[in-house]
Amino acid sequence: MTTQLSPEKLSKSFQNAQKKPVLHIWGRASLEGQVKVSGAKNSALVLMTGALLAADTCRLTNVPELADIEAMGQILEALGVKLKIQGESLEIDATHITETEAPYELVSQLRASFFALGPLLARTGVAKMPLPGGCAIGARPVDLHVRGLQQMGADILIEHGVVNAYARQLKGAKIYLDYPSVGATETLMMAATLAEGETILENAAQEPEVVDLANFCRSMGARISGAGTNKIIIQGVQSLHGTDYSIVPDRIEAGTFLVAGAITHSELSVFPVVPDDMTAVIAKLRDIGAQVVQDAPDRLRLIPGMIHRGTEIETLPHPGFPTDMQALFMALLTLCEGSSLVTETVYENRLGHVPELVRMGANIKVKGNHAAIQGVPFLSAAPVTGTDLRASAAMVVAALAAEGKTVVQGLHHLDRGYANIEAKLRGLGAKIERVYVPA
């Protein structure tokens, strides 16, 4: 996945490497127009690992240009997979897998790398995967992945921070997940595609990204039914073939821009989207007094209300309100009239953005996993830091509405999940600039 750079760009890249990027955002600018939504990060990452199931070439399109995609590409290359990227297209040739252990220094930076465990084990019979890293928003244990693979006949030993898995032939099994974990559902579904016999996943995750993975696997010849419900049935097949597949649009990025429109009281359109994947987000925008109009099957338009009022939000697994939108909506609720209550039930450490919003003048009180918000007339610019991916996006959204120039740090988080976000916002009229400052 290497890209040739000109000497001028290499020199600039070297200079920037000695510094850290920050965003300067001048708030209170009105937004208007339309914005194109990139492919879903959370689908792209797992589909890249799913390509390990086929001893053939898979071509993914609508691949977002993200730091996490680059990191996953490096992990696949370390396993012997050949990659070729051209724009938003990515060819993955997993014909010859030469390694079955992913390097710790790569896996430790990307939690999604753990998705490779299931397909690698199903394809080769051996998989060694260091325990994963990523955003520090919660424990997110991998025990559901491990127990499910053990029920399918895998021998698994965890020692020195590495999951060592062995299975001459995985066997179908009936697996009940104690929690509808997206990661565990995806890992076990991929492993089951090449298992002998039938696998039934009960209490499975119902997220759109699970459905996208199932569709991708089916396009390779897998036999999967029930994806999108809490019961997924997989009939194992002997082998899977290559495919050409387009990744679903990113519902969280789409939601981010809708919130940006609401918080700046601006009318704007987002496309392409799958409106049915965004039901909870659309409902909450309407709750506060904004209108969300579906202008086409794949296009939504945000029309702000004259007054936005507070509401209650509780994060839940899909089809409930997505935890990935919680920080963004909290930024919006700080400027809504009256009181709001946000309850985070999915990740225990996902309120790190609260002190940063308070720094900007928000009135938020936290007790346990609850955040009580009293709307304020305005936010003020301040230096803020994104503590995780979605918190970084929340800082950007809050800065768009704040008075003055806000400096947002922590862009290494932001760049993991948003492709060219400042260029997209500038296209809508935002006053935003990425600059490099001494580290």
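A: Two strands pair if DSSP finds at least two bridges between them. Keep that rule in hand, and remember that the model above is predicted.

Q: Thanks! In β18, what is the bridge partner of E312?

A: In β18, E312 has L341 as its bridge partner. That bridge belongs to the pairing of strand β17 (residues 312-314) with strand β18 (residues 339-343), which runs in the parallel sense over 3 bridges.

Q: With which other strand does β18 pair, and in what sense?

A: Strand β20 (residues 370-374) pairs with β18 in the antiparallel sense, over 5 bridges. For a place to look, T343 has H370 as its bridge partner in β20.

Q: Next, β3. Which strands pair with β3, and in what sense?

A: Strand β3 (residues 57-61) pairs in the antiparallel sense with strand β5 (residues 89-93), over 4 bridges. With strand β13 (residues 244-246), β3 pairs in the parallel sense over 3 bridges.

Q: How do I read a whole sheet? What is the strand order in the open sheet of 4 strands?

A: Read across the sheet, strand by strand. The order is β2-β14-β16-β15, and the pairing is mixed. At the edges are β2 (33-36) and β15 (291-296), each pairing on one side only. From one strand to the next, the twist averages 25 degrees.

Q: What is the bridge partner of A296 in β16?

A: R299 is the bridge partner of A296 in β16. The two strands involved, β15 and β16 (residues 299-303), pair in the antiparallel sense over 5 bridges.

Q: Which helix lies across β2, β14 and β16?

A: That is helix α9 (residues 251-263), and it runs at about 180 degrees to β14 (268-271).

Q: Now helix packing. At what angle do α2 and α3 pack?

A: The angle between α2 and α3 is about 5 degrees, and their axes are 10 Å apart. Angles under 35 degrees count as roughly parallel, so α2 and α3 are roughly parallel to each other. On the α2 side the contact involves K41, A44, L45, M48 and T49, which meet D68, I69, M72, G73 and L76 in α3. Sorted by class, these residues are 6 nonpolar, 2 polar and 2 charged.

Q: What do the side chains of K41 and D68 form where they meet?

A: Here is the general idea: side chains of opposite charge can pair when their charged atoms come close. The cut-off for a salt bridge is a nitrogen within 4 Å of a carboxyl oxygen. K41 and D68 form a salt bridge, with 3.4 Å from N to O. K41 sits in helix α2 (residues 41-50) and D68 in helix α3 (residues 67-78), so this pair ties together parts that are 27 residues apart in sequence. By the same rule, the count comes to 15 salt bridges.

Q: At what angle do α10 and α11 pack?

A: Helix α10 (residues 279-288) and helix α11 (residues 326-333) pack at an angle of about 5 degrees, and 12 Å separates their axes. That makes the two helices, α10 and α11, roughly parallel. V281, K284, L285 and I288 of α10 make the contact with F329, L332 and L333 of α11. By class there are 6 nonpolar residues, 1 charged residue and no polar ones.

Q: Last topic: the backbone. Is the peptide bond from F271 to P272 cis or trans?

A: As background, most residues other than glycine have a negative phi, and most peptide bonds are trans. The bond from F271 to P272 is cis, with omega near -15 degrees, and P272 is in the loop between β14 and α10. Another cis bond runs from H318 to P319, with omega near 15 degrees; P319 is in the loop between β17 and α11.

Q: And is the phi of H160 positive or negative?

A: H160 has a positive phi, about 55 degrees, although it is not a glycine. You will find H160 in the loop between β7 (155-159) and β8 (162-166).

Note on methods:
Residues numbered from 1 in each chain as written. Predicted model: local features only at pLDDT ≥ 70, side-chain atom pairs only at ≥ 80, totals over all residues. Heavy atoms only, no water. Axes fitted to C-alpha atoms, helices over the stretch in contact; angles between N-to-C directions. Parallel < 35°, antiparallel > 145°, perpendicular 65-115°, else oblique. Contact = heavy atoms within 4.5 Å. Nonpolar A, V, L, I, M, F, W, Y, C, P; charged D, E, K, R; others polar.
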